[in-house]
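Here's a quick look at the ligand site and at a couple of helix pairs. Have the viewer open while you read.

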Amino acid sequence: MSLTVDKGLGNTIAADTKLSYIDGSKGVLEYVGYDIDSLARNSTFEETTWLLWNGTLPTQNELAGFTKELQSQFDVDPRMLDVVRAIPRTAAPMDALRTLVSALAHFDREADDPSPAANRRKSLRLVAKTASLVALFDRHRKGKALVAPDSTLSLAGNFLWMLTGAKPTEAMTRALDVCLVLHADHGLNASTFAARVTIATQSDLYSAATTAVGTLKGPLHGGANQEVMEMLLDIGDLSKVDQYITSKLARKERIMGFGHRVYKAYDPRATYLKTFAKQVAADTGNLPLYEMTRRIEEIVLAQPNIIEKGIFPNVDFYSATTYYSLGLDLDLFTCMFAASRMAGWTGHCIEQLAANKLIRPHADYTGPHGLTYLPMAQRTGCAGAACSCATALSGVA
Ligand code: CMC
């Protein structure tokens, strides 16, 4: 068997998928053949989820039925509210969400039913409830009364309702919905890969979703949107952008919200979001923040070699100001990414199971060989760094 070394797996195809297609050099993203830009402009999260799961756009009746099914699942088992309340108020929302997504399994009698029909029903529950859980936890941590879902609203609208206890405007709902559409799927990104690895062991959908939430949390993946906003608030004012960004670049620090493992052209999710974010910022009195993002983009793209390296703004760069304009706390940004990507994670898991193969790559062992096992009594005289056992251990680390 000949093995190829590909750290980071950037040159490896590890699965087939019909959900989304990315051409990183041209800056193309399609969900089931539909360009992301046209979906962001015309579709809704409900319709996009249907598309990802069924491979076609729904008819009016299909969409109405699917929307109703989702709405009927916004609510969580009353015992889940106890789980929400048991989480310390100081917990980071992504950590709370990881626990809550996992806990959903305990109140789902079908949790371990691997049949395609049960997996489909569980996917629907996971997508419908994830945003609700984020809102419930946020209210809990702020000591506010929990808000019951409104099953007449869209998923985006219901989230804003459960978060604030006020009916959102159409513009607010639309702004969040656009972000949900843009984040719903993205090839074999790290969290989707993690979900597929988990489900490929024939584990259950809740375990796969929990794995995915934990993977998304990292700042190199879903956590970047929060860091973009922290950077903007840290800069504070348009007049300080140039100095802040140029000195960051001089220190060889990364600018959050730029760069992508796959896109070496403009991230197509950022194209529409860039104009859309401006409108949302203008409507909510946050235009100065948006102007800062535009200036950051100008400075970064003017750096020598940056375009050759394929560093452009990614989806997180412009979603950050959109979420902020909607009044979301910074540490909820990545949770919204999770609420949307749940559609992709579950769709990929079902796809993986339809032609399953255990995902099990190799590691290149770089440690020592042939050491002699020392009984405990003989190890007490260890002489620290000079000792042969310390040398052996440093090789393992
Ligand atoms: N700012 C400045 N330089 C960068 C950046 C950045 N954000 N990202 C990459 N580079 C440079 C990097 O320093 C390296 O330069 P050199 O070749 O001179 O050493 C070169 O570009 C290649 O970097 P890399 O780390 O090998 O590229 P990667 O494909 O492994 O990393 C990435 C992709 C997303 C981890 C990286 O671009 C990054 O850390 N970006 C900031 C975090 C971020 O915005 N993440 C969100 C990604 S979009 C949401 C999602 O889909 O998950």
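A backbone N or O atom of Gly 257 sits 2.9 Å from an oxygen atom of the ligand, which makes a polar contact (a pair of N or O atoms within 3.5 Å). The table puts that contact next to two others.

| Residue | Protein atom | Ligand atom | Distance |
|---|---|---|---|
| Ile 255 | backbone N or O | nitrogen | 2.8 Å |
| Gly 257 | backbone N or O | oxygen | 2.9 Å |
| His 260 | side-chain N or O | oxygen | 3.3 Å |

The protein covers 73% of the 940 Å² of accessible area that the ligand has on its own (Shrake-Rupley, 1.4 Å probe).

This is a predicted model, where local features need pLDDT of at least 70, side-chain atom pairs count only at pLDDT 80 or more, and totals for chains, interfaces and linings use all residues. Residues are numbered from 1 along each chain as its sequence is written, and side-chain values use heavy atoms, with hydrogens and water left out.

There are 17 residues around the ligand, and His 221, Arg 254, Ile 255, Phe 258 and Lys 309 come nearest (near means a heavy atom within 4 Å). The shell splits into seven nonpolar, five polar and five charged residues, with Gly counted as polar.

On to the helices (DSSP runs of H or I, at least four residues). The axes of H11 (residues 224-235) and H16 (residues 333-354) come within 7 Å and cross at roughly 150 degrees, on lines fitted to C-alpha atoms over the stretch in contact, with angles from 0 to 180 degrees between N-to-C directions. H11 and H16 are therefore roughly antiparallel (over 145 degrees).

Technical notes: A polar contact is a pair of N or O atoms within 3.5 Å; within protein, one must be able to donate a hydrogen and the other to accept it, and residues adjacent in sequence count only if both atoms are side-chain atoms. Helices (H or I, at least four residues) and strands (E, at least two) are DSSP runs, numbered from the N terminus. Angles under 35 degrees count as roughly parallel, over 145 as roughly antiparallel, 65 to 115 as roughly perpendicular and the rest as oblique.
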